[in-house]
Amino acid sequence: MIDPDWLTAGAPHVWRPYCQMKTARPPLPVVATRGSRLILADGRELVDGLASWWTACHGYNHPHIAEALRAQIERMPHVMFGGLAHEPAYRLAERLARMLPGDLDHVFFAESGSVSVEIAMKMALQFHINRGARGRTKFLAFRGGYHGDTLATMTVCDPEEGMHSLFAGVMPAQVIADLPRDTESEAALDVLLGERGHEIAAILIEPLVQGAGGMLLHSPEVLRTLRRLADKHGVLLIFDEIFTGFGRTGTLFAMQAAGVEPDIVTLSKALTGGTLPLSAAVASQKVFESFWSDDPGAALMHGPTYMANPLACAAANASLDLFEGGSWRSNVARVGAALSEGLEPCRGGKGVVDVRTLGAIGVVEFDAPVAVGDLCAGFAELGVWIRPMGKVIYLTPAFTTPDEDLTLLTSAVRKVVGVA
C-alpha cells in the first residue's frame with residue numbers, strides 16, 4: 001500500500017497518542033466513515049469495534065446529527081460563553097438535568113472528559129471551602145480506576161497502572177483504596193474514612209465499569225455502599241460517567257442500575273454521538289447552593305475558551321433526540337447478546353483468565369499484557385479495528401452495529417485468541 005501524500009508529509013510533525021513513535025507501527029490512514037465502518041485510503045473497510053474510544057454510539061455519520069451540525073454551523077459555530085448565552089447550550093443543560101436522576105440540575109460545560117473531572121474536583125474542593133472547611137484537600141479514588149491524563153486527574157488514577165508512574169510526586173498524592181466489594185473491604189474503607197475523612201473532599205468512582213484501567217466490573221451494591229459512607233463521613237460523591245454514560249452499560253446512566261445519585265457527575269464521550277468534543281460536570285442542588293452567594297470570592301472561577309461550543313451543543317442535542325427515541329435500549333441488548341455469545345468461547349484460549357460482558361461492552365482478559373501493535377495489525381488483516389489495552393482485548397461497538405459486523409468482530413477476537 002502506498003501511503004497518501006498527506007500522511008507522508010505530516011508524519012514527521014504529528015505527535016501521536018499512547019505510543020513510542022520510534023518503534024510503533026504507522027497509523028492506518030482513514031479517509032471516511034460510514035455506519036460502523038472505517039474506510040481506509042487503500043479502499044479497505046474495517047468494522048470499528050471501539051466506536052472511536054466509545055464515542056460514536058449511534059454509528060458514524062448519523063443523518064440526524066449531521067443535519068443538526070449543518071444547520072448550526074450556518075447560524076453560529078461559536079461564541080464565548082462568558083457573559084453571553086445561546087440556545088443550544090441552554091436547551092442542552094435543561095435536557096441533561098431532566099434526564100439525570102435526582103437533583104443533578106446544574107451543568108458546567110467543558111471540552112474534554114479529563115477537564116470535566118478536574119472541574120468536578122475543583123467544585124468539590126471549593127464546596128467545602130465555601131462552607132468554611134479548609135482542610136479537605138484530598139480525594140479518595142480506587143485501584144483500577146482511570147479518570148484522565150491531565151495533571152490533577154492523573155493523581156486519582158490507579159498509581160500502579162503504569163501509564164502515569166513517571167509523574168509520581170509532581171502533584172500531591174491522593175488517597176487510593178480498594179473498592180468495597182465485600183463486608184471486609186467495606187469495613188476497611190469505613191475505618192479509612194473515619195481516620196482521614198476530615199482531609200477528604202470527595203470520593204471519585206467510575207460506576208459499574210472501571211474503563212481504561214482494564215474494563216473492570218463491579219456490582220451496583222458498591223455504589224450504594226459508597227453513597228452510605230460518603231454521607232456518614234461528610235464527603236461528596238463524584239461519579240465519572242464519561243465512559244459509562246449514555247447507554248453503554250444498559251441503562252442511560254450507570255448510576256441508575258444502583259438507584260444512587262452522586263453529588264457531581266461527569267459526562268463526555270458519547271454526549272455528542274462521537275462528532276465534536278464536549279463534556280460536562282453536573283452538580284446537585286446541595287453543591288450548587290454552596291456557590292450561590294453575594295460574595296464574588298465564592299464563585300467558581302473557571303471557564304474553558306470553547307466552553308459550551310454551540311456546534312458541539314447542537315450535536316449533543318441531536319444525540320439526545322436519538323436517545324429519547326428509545327431504540328438504543330433494544331440495540332444495546334442486541335449488541336450485548338452478540339458479544340456474550342461470540343466471546344464466550346475465548347474462555348478456553350491460552351492465557352485467558354476471564355471473559356465478561358455488560359451492556360454493549362465485551363472483554364477478554366489475559367494473564368499478562370498483550371502486544372497492542374501486533375494485535376492491531378492482525379485485527380486489521382481480519383477486517384476489523386480493535387485496539388487492545390493492558391491485559392485486555394475489548395469491544396465497545398456502536399449500538400447500531402449490524403449483526404453481521406458484530407459477528408466479524410467476535411470471530412476476529414476468537415481467531416486471535418486461538419479458539420476460532
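Biologist: Which is Ala51, buried or exposed, and what is its relative accessible area?

Modeller: Ala51 is buried, with a relative accessible area of 3%. Buried means under 20%, exposed over 50%, and partly exposed in between, using a 1.4 Å probe and protein chains only.

First, the ground rules. This is a predicted model: local features need pLDDT of at least 70, side-chain atom pairs need pLDDT 80 or more, and totals for chains, interfaces and linings use all residues. Residues are numbered from 1 along each chain as its sequence is written, and side-chain values use heavy atoms, without hydrogens or water.

Ala51 belongs to helix 2, residues 51–54. Helices here are DSSP runs of H or I with at least four residues, strands are E runs of at least two, and both are numbered from the N terminus. Ala51 is not a glycine, yet its phi is positive, at about 50°. Trp53 is also in helix 2. Its phi is positive too, at about 55°, and Trp53 is not a glycine either. Trp53 is partly exposed, at 36% relative accessible area.

Contact means heavy atoms within 4.5 Å. Thr396 sits in the loop between strand 16 (392–395) and helix 13. Its relative accessibility is 0%, so Thr396 counts as buried. The Thr396 side chain reaches the backbone oxygen of Leu50 at 3.2 Å. The side chains of Thr396 and Trp54 form a polar contact of 3.3 Å. That term covers N or O pairs within 3.5 Å; within protein, one atom must be able to donate a hydrogen and the other to accept it, and residues adjacent in sequence count only through two side-chain atoms.

The axes of helix 13 (residues 403–417) and helix 11 (residues 327–343) come within 9 Å and cross at roughly 30°. Axes are lines fitted to C-alpha atoms over the stretch in contact, with angles from 0 to 180 degrees between N-to-C directions. Helix 11 and helix 13 are therefore roughly parallel; angles under 35 degrees count as such, over 145 as roughly antiparallel, 65 to 115 as roughly perpendicular and the rest as oblique. Helix 11 contributes Arg334, Val335, Ala338, Leu339, Gly342 and Leu343 to the contact, and helix 13 contributes Asp403, Leu406, Thr410, Val413 and Arg414.
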